[in-house]
Amino acid sequence: FEWVPKTGWNKILFAGPPDRVDRLEANLKGKNGPDHHFVRSEKNYFEIIPAGADKGTAMERLANLCGITLDKTCAIGDYYNDIPLLQHAAFSSAVEESPEAVKQAAGFVAGPCQKGAVADFIEHLTKLVNGGFLPSRNI
């Protein structure tokens, strides 16, 4: 992939009908390079991003800047680009309509986005705290 710039870029986004993005993804699958990798970020989006640039790395950096350890982090996501975020967070949730791989990366599966997924996750965390499964200072 000599056409991918080595520096000075943040992402290359391909957008189109899901069937065309499916074909693009199939053609590029397994062709990550040392400087870039591919990720599906929505049914109609496919991205090329610099290696090491993902939501999990971003959360680590943000937590570090805020003086927070990762064992005190929570995250919720809905698509493949959220998997690194869910894997890095101490407490994670996928939403009901997420692809199966995203659900597998999460510790909890909340209801649908449009029907209170974030509220479901907060309720789950509250039950963990109130049920004595973890001390309240961890959240």
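Tutor: The part in question is an open sheet of 3 strands in the order S1-S3-S2, with antiparallel pairing. Its edge strands are S1 (12-15) and S2 (36-42), each of which pairs on one side only. On average, neighbouring strands of this sheet are turned by 20° against each other, direction ignored. The model is predicted, with local features needing pLDDT of at least 70 and side-chain atom pairs counting only at pLDDT 80 or more, while totals for chains, interfaces and linings use all residues. Residues are numbered from 1 along each chain as its sequence is written, and side-chain values use heavy atoms, with hydrogens and water left out.

Some terms need their cut-offs. Helices (H or I, at least four residues) and strands (E, at least two) are DSSP runs, numbered from the N terminus. Two strands pair if DSSP finds at least two bridges between them. Axes are lines fitted to C-alpha atoms, for helices over the stretch in contact, and angles run from 0 to 180 degrees between N-to-C directions.

Within the sheet, S2 and strand S3 (residues 45-50) pair in the antiparallel sense over 6 bridges. These two strands, S2 and S3, form a hairpin with 2 residues between them. Across this pairing, Val39 stands opposite Glu47, and Arg40 stands opposite Phe46.

Leaving aside its neighbours within four places in sequence, Val21 is in contact (heavy atoms within 4.5 Å) with Ala15, Gly16, Arg40, Lys43, Asn44, Tyr45 and Phe46. The C-alpha atoms of Val21 and Phe46 are separated by 6.6 Å, although the two residues are 25 apart along the chain. Val21 is buried, with a relative accessible area of 3%; buried means under 20% relative accessible area, exposed over 50%, and partly exposed in between (1.4 Å probe, protein chains only).

The largest pocket also involves this region. Its volume is about 500 Å³. Of its 22 lining residues, the closest to its centre are His37, Phe38, Val39, Arg40 and Glu47. H1, S2 and S3 each supply at least two residues of that lining. On a 1 Å grid over the protein atoms alone, a pocket is an open set of points with protein on both sides within 12 Å along at least five of seven lines, in contrast to a cavity, where a 1.4 Å probe fits but cannot get out; lining residues have an atom within 4 Å of a point. Grid points are joined across faces, edges and corners, and a volume is the space filled by probe spheres set on the points.

Elsewhere in the chain there is another open sheet of 3 strands, with the order S4-S5-S6 and parallel pairing. Strand S4 (74-77) and strand S6 (108-109) stand at its edges with a single partner strand each, so one side of each is left without a neighbour in the sheet. Strand S5 (residues 91-94) is joined to S6 by 2 bridges, the two running parallel, and Ala94 stands opposite Val109 in S6. Helix H5 (residues 117-130) packs on this sheet, touching S4, S5 and S6, and its direction makes about 150° with that of S4.

The largest nonpolar core has 10 residues, among them Met59, Ala75, Ile83, Leu85 and Ala94. A nonpolar core is a set of buried Ala, Val, Leu, Ile, Met, Phe, Trp, Tyr and Cys residues joined through side-chain atoms within 4.5 Å. Helix H3 (83-88) and helix H4 (100-105) are the elements that give two or more residues to this core, and H3 gives the most, with 3 residues. Apart from it lies another core, of 7 residues, including Val4, Trp9, Leu28 and Phe46.

As for the whole, the chain has 5 helices and 6 strands. Buried residues make up 33% of its 139 residues. The C-alpha atoms fill a box of roughly 55 × 35 × 20 Å, taken along the principal axes.
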